[in-house]
Amino acid sequence: MSGGVDSAVAAARAVEAGHDVTGVHLALSKNPQTYRTGARGCCTIEDSRDARRAADVLGIPFYVWDMAERFHEDVVEDFYAEYANGRTPNPCLRCNEKIKFAAVLDRAMALGFDAVATGHYARKGEDGLLRRAVDPGKDQSYVLAVLTPAQLAHSIFPLGDTPKDQVRVEAENRGLAVARKPDSHDICFIADGDTSGFLKNRLGTEEGEIVDAATGEVLGSHDGSHQFTIGQRHGLGLKRPAADGRPRYVLSITPVDNRVQVGPREALRIDRIRTGRPVWLAPEREGPFEAEVQLRAHGEVYPATVHADADGLTARLHKPAFGVAAGQALVVYDPDTTGDAVLASGTIDSTASIEAAGV
Amino acid sequence: MAYLDHAATTPMLPQALDAYLRTARALGNASSLHGSGRTARRTVEEARERIAEVLGAKPGEVIFTGSGTEADNLAVKGIHWDRRTGARNRIVSTAIEHHAVADAVAWLGDHERADVTELPVDKLGCVETTELAALLDERADEITVITCMWANNEVGTLQPVEAIAAMAAPHGIPVHTDAIQAVGHVPVDFAASGAAALTLSGHKLGGPTGTGALLLRRDVKATPLLHGGGQEREIRSGTLDVPGIAALAEAVTHAVRTRETEAARLAGLRDDLVARLRAAVPDAIYNGDPELRLPGNAHFSFPGCEGDALLMLLDAAGVECATGSACSAGIAQPSHVLLAMGAEADDARSSLRFTLGWPTTEADVDALVAALPEAVRRAKTAGLT
């Protein structure tokens, strides 16, 4: 129970469904004061209080579990390491993979519980497959697509069949004080929302060049390649406009020589994606198959042909994508009118444009 | 449900509750001069006399407060502030004080540059006085106040308050003792102890929450925390809580007068709990002094288990107890008491405190012994996070 409206209503629904429910709030920082910025994030003292208050209203026991060390090792350190390697991580996904449905679930099972219920917007079908929520704007199946079938079997998502605005109404009707609490959008461990400053604090600053990818011309400088994401357009700090007057985007980041290459939007165009070792949420498939893939949270969906092997997934997109960053997840969906089912996912390692390569 | 957390709070004694309700129906501010005021005043003064009588104090030494925490703060800060000079700015405390004392002392250190000496404890949780003796020999003039609890609230070990007071007496240094866990459970005689100030709290002995008292010798001054109407020797302003005070007096006198038989009964139950718990969970470690401890206190470490997990599992099984540790923002911290006793950090997080009170019966012990082995098995599987 994060202290937000979603997990509070999820807990209420779990109680109503007849489960023997215990509320758990995760303490994710050894020093919660440092994360304290009002209603933002999910690990402040006020959030813990809000969660406790909701649990009291529901009449369920409530405990704070200290996961600060695990969270730091598995999520925050990974976040630094990925940026240091010129990649763009998704820490929410990592938290689901390593903390909420791993460390927390393991501990819960050991203590005699049967499952972890969360306020994520996703559904589990009769077939046990993970499916998109009915509310397309809130669907969180993407950040849950790292769960193994075993983890999924012990997960409950009570909110998947309800639009968010109805969840708020329900919270209000249930007398939960968090009904009108604003949603959290920021990365919970970066309280002030300043990701750039957070990364500089740890990874330091080092001046490097911003280079035109086509001509090799040095266009400007930056103070650390970890400050950039593939596809980024703003904040490049380039004095002179491009010759053709069109905006320039980050095309590649090479931490080894601290170089950032920029170029026009067309150069971001890719249609082939390779991932690291896949996670299968559905029975594994061999050979190429048709599916839809999603490349970032709440991002666009692309029809694609997917090849799978033990080491990774390869997706050939049927329409090009722009600005796909390594470190994000490629999630493979089986389109379905009752809710697209997640088949597999993998962390994106590389992208390519077959067209550009002349294939 | 088996409630084994009486050191956190214990139900009001029926006679205390009766006294509360009877008095709460009456009108009157004890500071008013008219008839209603005089009636209220009489209730308060009789309560003061009764408390003084059973605790070896003079009525004028009883200062009513709104809690034990307030009385602790008043004693530590008040006496320190009154006695401090440029050269005299040192507080002597111990490593195992309750937060009401420890944090008041730390605050004076952090915010007012008080020097702090923290006396260590032995592995049974008893304060060692060697360092104090040396300090008194060399720098007694620097000390404003010495504070040492009468009995530890976590592990139950009784403390050498009388010895410390005897050491301090030749130097004229006032000794405060937080006796919140002791009054009504072990013999407490204020005058005989040699202490200059003693804290007690209502809700730990069958009185109402929100009541407490500081016994403060007449020759010892304390700078007030609260300024206002000048009640309580002008040391603690605020309209007197007449029903609370009446109920507190009822609870204190009852607890002290029945102490000998009740303490023997509780110690018997406790010894039974300890023996049966050890049989059920052989690797449990019994903490604190096995002899010189509070009669209703049993404190254990369960190696490989997290205290929080055990508490949750026992709660689910209908047994209520406490972890030996304090919370910081909801996160369990290793107990400072166990750490001071030399425990490893993991062991200090793996402890539970069971405390018995006047309503406790053998059935409560039965429930604990029945639920504990399964809870320990599961908590061990979950391990330490």
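**View 1. Strand β1 of chain A around A:V24.** A:V24 has its place in strand β1 of chain A, where helices (H or I, at least four residues) and strands (E, at least two) are DSSP runs numbered from the N terminus. This is a predicted model, in which local features need pLDDT of at least 70 and side-chain atom pairs count only at pLDDT 80 or more, while totals for chains, interfaces and linings use all residues. Residues are numbered from 1 along each chain as its sequence is written, and chains are lettered from A and ligands numbered from 1 in the order in which they are written. A:V24 counts as buried because 23 C-beta neighbours lie inside 10 Å; a residue is buried if 20 or more other C-beta atoms lie within 10 Å of its own, exposed if 12 or fewer, and partly exposed in between, with C-beta atoms placed from the backbone. Leaving aside neighbours within four places in sequence, A:V24 is in contact with A:M1, A:Y63, A:W65 and A:V104, two residues being in contact if their C-beta atoms, placed from the backbone, lie within 7 Å. A:S48 is 24 residues from A:V24 in sequence, and their C-alpha atoms are 9.6 Å apart in space.

**View 2. The contact of chain A with chain B.** Chain A brings 15 residues to the contact and chain B brings 14 residues. On the side of chain A that touches chain B, β1 (23-27), α2 (45-58), β2 (62-66) and α4 (91-110) of chain A each supply at least two residues, and β2(A) gives the most, with four residues. By class, this side of chain A divides into ten nonpolar, three polar and two charged residues, where Ala, Val, Leu, Ile, Met, Phe, Trp, Tyr, Cys and Pro count as nonpolar, Asp, Glu, Lys and Arg as charged, and the others, Gly among them, as polar.

**View 3. The largest nonpolar core and the surroundings of A:V293.** The largest nonpolar core has 93 residues, and those with the most contacts inside it are A:A8, A:A11, A:V293, A:L330 and A:V332; such a core is a set of buried Ala, Val, Leu, Ile, Met, Phe, Trp, Tyr and Cys residues joined through C-beta atoms within 7 Å. Helix α1 (residues 5-16) of chain A contributes the largest share of this core, seven residues, and at least three residues come from each of domain 1 (5-119 + 158-180) and domain 2 (205-263) of chain A. When neighbours within four places in sequence are left aside, A:V293 is in contact with A:Y302, A:A304, A:V306, A:A315, A:L330, A:V331 and A:V332. Apart from this core lies another, of 88 residues, among them B:V101, B:L119, B:V161 and B:I180.

View 4. Helix α4 (residues 99-112) of chain B has 14 residues and reaches 18 Å from its first C-alpha to its last, close to the 20 Å expected at 1.5 Å a residue, the expected span being 1.5 Å times one less than the number of residues. Within α4(B), the residues B:A100, B:V101, B:A102, B:A104, B:V105 and B:L108 are buried, and what covers the buried residues of this helix includes α3 (68-83), β3 (90-94), β4 (115-119), β5 (143-147) and β6 (175-178) of chain B. B:R113 lies in the loop between α4 and β4 of chain B, and its phi is near 55°, a positive value in a residue other than glycine. B:R113 is exposed, because 8 other C-beta atoms lie within 10 Å.

**View 5. The loop of chain A that holds A:N258.** A:N258 is found in the loop between β9 (249-254) and β10 (259-263) of chain A. Although A:N258 is not a glycine, it has a positive phi of about 55°. With 17 C-beta neighbours inside 10 Å, A:N258 counts as partly exposed.

View 6. Chain B is divided into domain 1 (14-257) and domain 2 (258-382), with domain bounds that come from an automatic or database domain assignment. The C-alpha centres of these two domains of chain B lie 28 Å apart, and 25 residues of domain 1 of chain B are in contact with 22 residues of domain 2 of chain B. On the side of domain 1 of chain B that touches domain 2 of chain B, helix α8 (residues 242-257) of chain B gives the most, with four residues, and by class that side has twelve nonpolar, ten polar and three charged residues.
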